[in-house]
Amino acid sequence: MDLSFGPEYEEFRQTVRSFIAEHGEKSPRNAALRSPEALQWQKMLIENGYTARTIPKEYGGYGGTPNMLHSRIIAEEFADARLNPGLGGQGISMLVPTLLEVGTQAQKEQFIKPTINGEMIWCQGYSEPGAGSDLASLTTSAVLDGDEWIINGQKIWTSTAQLADWIFCLVRTEPDAPKHRGISFLLFEMSTPGIEVRPLIDMTGAANFNEVFFTDVRVPKQQIVAQRGEGWAVANAVLSHERDSLGNPNATLLRLNALIELMKTETVGGNRLIDHPVYRDRLMQLQGRVMAMRFNDLRILSSRLNKDQDARLARMIVKLQGTELRHDLEGMAIDIMGEVGLSYEDNPYTRSGGSWQNQYMYFLGLIIGGGTSQIQKNIISERGLDLPREPKIEKSA
Amino acid sequence: MQFGLSEEQVLLQDNVNRFLDDHASLNAVRDYAAGGEDAALWQGLTELGVSGLLISEDAGGVAMNALDAAIVAEALGYHAAPGPFLGSAVMAPTALQLADPTNTLLAELASGTTRIGIAFNEAIGRRAGAAVEVSGGNINGKSLFAFDSEADAYLVADAHQHLYLISANAPGLSRTHLTTIDKTRRTVELTYTNAQATLVSNNPSVFFQTLDIGRIMLAADTLGAAQNMLDQAVAYAKQREQFNRPIGSFQAVKHMCAEMAAQLEPCRAMVWFAAHATNELPDEARLTACHTKAHLSEVGKFVAKTATEVHGGMGFTDLLGLHYWFKRCGSNRQWLGSPELTREEAAAIQGLI
């Protein structure tokens, strides 16, 4: 057991800290996509290797060698200083790694640089009304007509579709092939005629997602990633990245500390919430769970770094445990505030800008999204514990 | 950076597990539960170096650390093995060594010739009519649920966090067996009537370090016991058929298994960290020990119940013996501070009370 990163890394940490000390004030607070401050900050972060760190220089990245501890230190220091860590979104986190792995030279040159700069915004067209947990049953079709695909169908749960310039989209191109082998991965512009975006208002009151409708949308033939019928494999290669990012224990720790602050300041009947033994015990239960997930996270980091132990199961459970834990944590804050915990939007009694209520609901969404908790349990039991799969029911003709 | 067990630690784990597979089988556990002895098992563990794990080389031990001890505790829990490990190999050596590294008892502990038990009930959760009073070298009162029943001496904690040693043969000491649900370990009531007690330490820090390492061992024991129950449940779900299918192919059953794994797997990292903190991170050690004890108790309780349910009616019988692990998790939960008590202590450590 050795938890230190070593002297050369402590030196790197100092470099990051000096950057933060010098430039930290330029970090945009709640910057909207495409705002000049956000784009400026992004540019500076790439130049210094604090985001897009391992993306080759030729595609507009910093060109650094992959090093998990460097990435970790950057993430830790930026989080500690509450700085904007640079742009995220599905284009940067999902599409760019996909293109680096399987894109053509032309695709890499065309898309990666503007995407990481924040000038080209993407949305992800995967789920459909009839294809949720069973994503591979998707039916949006693309039929080749000369040099163009003609796309018809509907996508749902499409975040940022209303802002996106482009979409990366799973479509069925081989209707006669087995369902996992009939899917292709296409890229096209959201301004193409025949695309309609309708906001989907969710329980938080915001439109975090959209529905996207395609009617005879014509897309140039070469805008396919990998070969026809390989779309499922292409998408799966990056889906695991998405799951890894849900339920991050370090973000949960920040919320736990905010909950402790709330309990020290908020009073009911003249007593601080932290002085109520039942509330305090519930807080300590959560703290124990957060602690376990943080150590689990260190174990995962170490296993990736040293490739010295099997932490497969430790990784598999993160999305399930992390999102459920976060939902419980946000919900506890609401519980202990009583009626004040119901305050929302413009209510003057709202605490922490309504974030407890918003996050409580949002994390219920994340328990469902990105592979529901029930799908996670199938994965854990079948791939982690080697339990038999459920017998398949053949579709009747 | 390396978070996890070293090659030597994996080797230790394998050695202890292999030994226990042979010498602490379910049949051996049943024999002990029916009134058998654990002396031969402890002798074998002593030969593997377990009794001297935490004792310095000068005193005849092997000078390993709390993480090594946690690995052994996990293996003992996995086998629901009897034996005086918690007191004799962990808590007593910790206290004696912190108080006086030259104490000759350390060599006796390391060689396995002396067993020292623990009587901490007064300092953790005193019951009515069971107070321990020490004055002028004499001890009066009662310790409940002292462990173990065969000890040659006991490390007694009083309400002032002072630690005393009292010989099991001391005039004025009487020992009565207390039956509990957990038949893999025997606890006793110690009654003191002007019995002679030697002060080991009046330093609260020695008391807390001794208590905390004990709590981590109980958490590690639960980790092992719960892992065994999960393994048994998964194996049973693969083999047992109903409705012409293995029951493990039903989502209702496989999700129970997944939930157990999802809760238990992070516990492994938590036990490792807590043990590591004992030796290397003094600022975090107390808080982590309290939380680890409480969290493992909760997860252990959940796994014990759920794994039993996966076995259906068979889980409820004595035939499978699953109940030995169920009860082991149960006693680990209550010993040295129940989850509510240790969480309250965790809050106090952070200044939240």
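Across all chains, the structure holds 47 salt bridges, a salt bridge being a side-chain nitrogen of Lys or Arg within 4 Å of a carboxyl oxygen of Asp or Glu. This is a predicted model, in which local features need pLDDT of at least 70 and side-chain atom pairs count only at pLDDT 80 or more, while totals for chains, interfaces and linings use all residues; side-chain values use heavy atoms, with hydrogens and water left out. Residues are numbered from 1 along each chain as its sequence is written, and chains are lettered from A and ligands numbered from 1 in the order in which they are written.

**Salt bridges**

- The side chains of B:Lys254 and A:Glu382 meet in a salt bridge with an N to O distance of 2.5 Å. This pair crosses between chains, from helix H9 (residues 251-280) of chain B, which holds B:Lys254, to helix H12 (residues 373-384) of chain A, which holds A:Glu382; helices are DSSP runs (H or I, at least four residues) and strands likewise (E, at least two), numbered from the N terminus.
- Both B:Lys254 and A:Glu382 are buried, where buried means under 20% relative accessible area, exposed over 50%, and partly exposed in between (1.4 Å probe, protein chains only).
- B:Arg115 forms a salt bridge with B:Asp38, and their closest N and O atoms are 3.0 Å apart. The pair links distant parts of the chain, 77 residues apart, with B:Arg115 in the loop between helix H6 (105-111) and strand E1 (116-119) of chain B, and B:Asp38 in the loop between helix H2 (26-33) and helix H3 (39-47) of chain B. B:Arg115 counts as buried at 9% relative accessibility, and B:Asp38 is buried with a relative accessible area of 3%.
- Another salt bridge (3.0 Å, N to O) is made by the side chains of B:Arg333 and B:Glu298. Because B:Arg333 lies in helix H12 (residues 322-334) of chain B and B:Glu298 in helix H10 (residues 282-310) of chain B, the pair ties together parts that are 35 residues apart in sequence. B:Arg333 counts as buried at 11% relative accessibility, whereas B:Glu298, at 25%, counts as partly exposed.
- Salt bridges that share partners join A:Glu10, A:Arg13, A:Arg17, A:Arg72, A:Glu76, A:Glu77 and A:Asp297 into one network.

**Cysteines**

- A search of the whole structure finds zero disulfides over all chains, a disulfide being a pair of cysteine sulfur atoms within 2.5 Å.
- The sulfur of A:Cys123 is 8.1 Å from the closest cysteine sulfur, that of A:Cys169, which is too far for a bond; A:Cys123 is buried, with a relative accessible area of 0%.
- B:Cys267 is in no disulfide, and the nearest cysteine sulfur, in B:Cys329, is 11 Å away; B:Cys267 is buried, with a relative accessible area of 0%.

**Hairpin in chain B**

- Strand E2 (residues 132-135) and strand E3 (residues 138-147) of chain B run antiparallel and are joined by four bridges, strands being paired if DSSP finds at least two bridges between them.
- B:Val132 stands opposite B:Gly141 in E3(B).
- E2(B) and E3(B) form a hairpin with two residues between them, and B:Gly136 in the turn has a positive phi of about 55°.

**A buried threonine in chain A**

- A:Thr252 is placed in helix H7 (residues 249-265) of chain A and is buried, with a relative accessible area of 3%.
- Not counting residues up to four places away in sequence, A:Thr252 touches A:Val290, A:Leu325, A:Arg326 and A:Leu329, contact meaning heavy atoms within 4.5 Å.
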